[in-house]
Amino acid sequence: MTGFTETLRHLAVAQKPARGVPAYTLFVNRPAGRVLAALALRAGATPHQVTVLGALFTFPALAAVALVRPGPVLAVCVCAALLVGFALDSADGQLARAQRSAAPSGEWLDHVLDCAKTVTVHLVVAVAFHRFFSLPSPALLLAPLLFALSAVVLFFGGILAEQLKRRTAVPAPAGAARLADRPAPVLRSVLLLPADHGVLCLAFLALCRQQAFLSVYCALLPAHCLLCAAFLVKWFRELRRRDLRRPGAAEQLQGAAQQ
């Protein structure tokens, strides 16, 4: 049987591109997922099983946020469970690539659970705000709803853009492959931290201190909304450029202008 170190090395080669990935996901979550994927590979687990295990860490922790009065023990347990669930969410894909067992069913299950997590994490915060927090203004109850909207739009926009790029594949410009292989700029990864799920998980460490959690959460909200808007513009421009590079696109635009 291949040694654990060799398994880790094999998984490291099968990583997704690093460009455009936030810092926590890139430098912490993917390496942690790689270790979990190596353990799962040696245990004979399937990617589906790792995906479900991640959900079993994530969703009970989120339920506890809405149902249990915040305290130090709850804050640590919720944060730890969410971070493990996030690492397992990375491990399932790495395991699938290592086993060369990636399948549409696995990708579908992974995305559905990711979407449910993306919505639920903010809905339980709204419930916790209502049940356990002394908010300075009832208007702050809208913050989790706005955060959920921004997160879902960002999630859906990214998934749809990726699928449309695959469907409308065009010849890549010269040097594009070399560009994709370059290391991700560290500054860009840091600037993307407000959109990093790992940062949101870490914020739950402050759940037992109402003012601290409220301050961190409400600081992440506008930063996340700005990044969401920037990504939507970026994806639209990329798809628009693909429209113009399609065979016959210039003729169609010229004909439309003449009519």
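**A tour of an all-helix chain, by selection**

Residues 24 or more positions apart account for 84% of the contacts in the protein chain with a separation of 6 or more, where contact means heavy atoms within 4.5 Å. The model is predicted, so local features need pLDDT of at least 70 and side-chain atom pairs count only at pLDDT 80 or more, while totals for chains, interfaces and linings use all residues. Residues are numbered from 1 along each chain as its sequence is written, and side-chain values use heavy atoms, with hydrogens and water left out.

**Whole chain**

Select the protein chain and colour by secondary structure. There are eleven helices and zero strands, helices being DSSP runs of H or I with at least four residues and strands runs of E with at least two, numbered from the N terminus. In sequence order the pattern is α-α-α-α-α-α-α-α-α-α-α. Of the 259 residues, 37% count as buried; buried means under 20% relative accessible area, exposed over 50%, and partly exposed in between, with a 1.4 Å probe and protein chains only.

**Residues 4–13 and 23–43**

Next, select helix H1 (residues 4–13) and helix H2 (residues 23–43). Their axes come within 9 Å and cross at roughly 120°. Axes are lines fitted to C-alpha atoms, for helices over the stretch in contact, and angles run from 0 to 180 degrees between N-to-C directions. H1 is therefore oblique to H2; angles under 35 degrees count as roughly parallel, over 145 as roughly antiparallel, 65 to 115 as roughly perpendicular and the rest as oblique. On the H1 side, show Phe4, Thr7, Leu8, Leu11 and Ala12; on the H2 side, show Arg34, Val35, Ala37, Ala38, Leu39, Leu41 and Arg42. This contact of H1 with H2 has nine nonpolar, one polar and two charged residues. Here Ala, Val, Leu, Ile, Met, Phe, Trp, Tyr, Cys and Pro count as nonpolar, Asp, Glu, Lys and Arg as charged, and the others, Gly among them, as polar.

**Residues 47–67 and 72–99**

Move on to helix H3 (residues 47–67) and helix H4 (residues 72–99), which pack at an angle of about 160° with axes 8 Å apart. H3 and H4 are therefore roughly antiparallel to each other. Residues of H3 to display include Val50, Leu53, Phe57 and Ala61, and those of H4 include Val78, Leu82, Leu88 and Leu95. By class, the contact of H3 with H4 comprises 17 nonpolar, five polar and one charged residues.

**Aspartate 92**

Stay in helix H4 and select aspartate 92. Is aspartate 92 buried or exposed? Its relative accessible area is 5%, so aspartate 92 is buried. Leaving out residues up to four places away in sequence, aspartate 92 touches Pro47, Val50, Thr51 and Asp110. Histidine 48 is 44 residues from aspartate 92 in sequence, and the two C-alpha atoms are 7.1 Å apart.

**Arginine 100**

Select arginine 100, in the loop between H4 and helix H5 (104–132). Phi of arginine 100 is near 50°, a positive value in a residue other than glycine. At 77% relative accessibility, arginine 100 counts as exposed.

**Cysteines**

Last, select the cysteines. A search of the whole structure finds zero disulfides, a disulfide being a pair of cysteine sulfur atoms within 2.5 Å. The closest cysteine sulfur to that of cysteine 225 is in cysteine 228, at 6.9 Å, too far for a bond. Cysteine 225 counts as partly exposed at 31% relative accessibility, and cysteine 115 counts as partly exposed at 30%.
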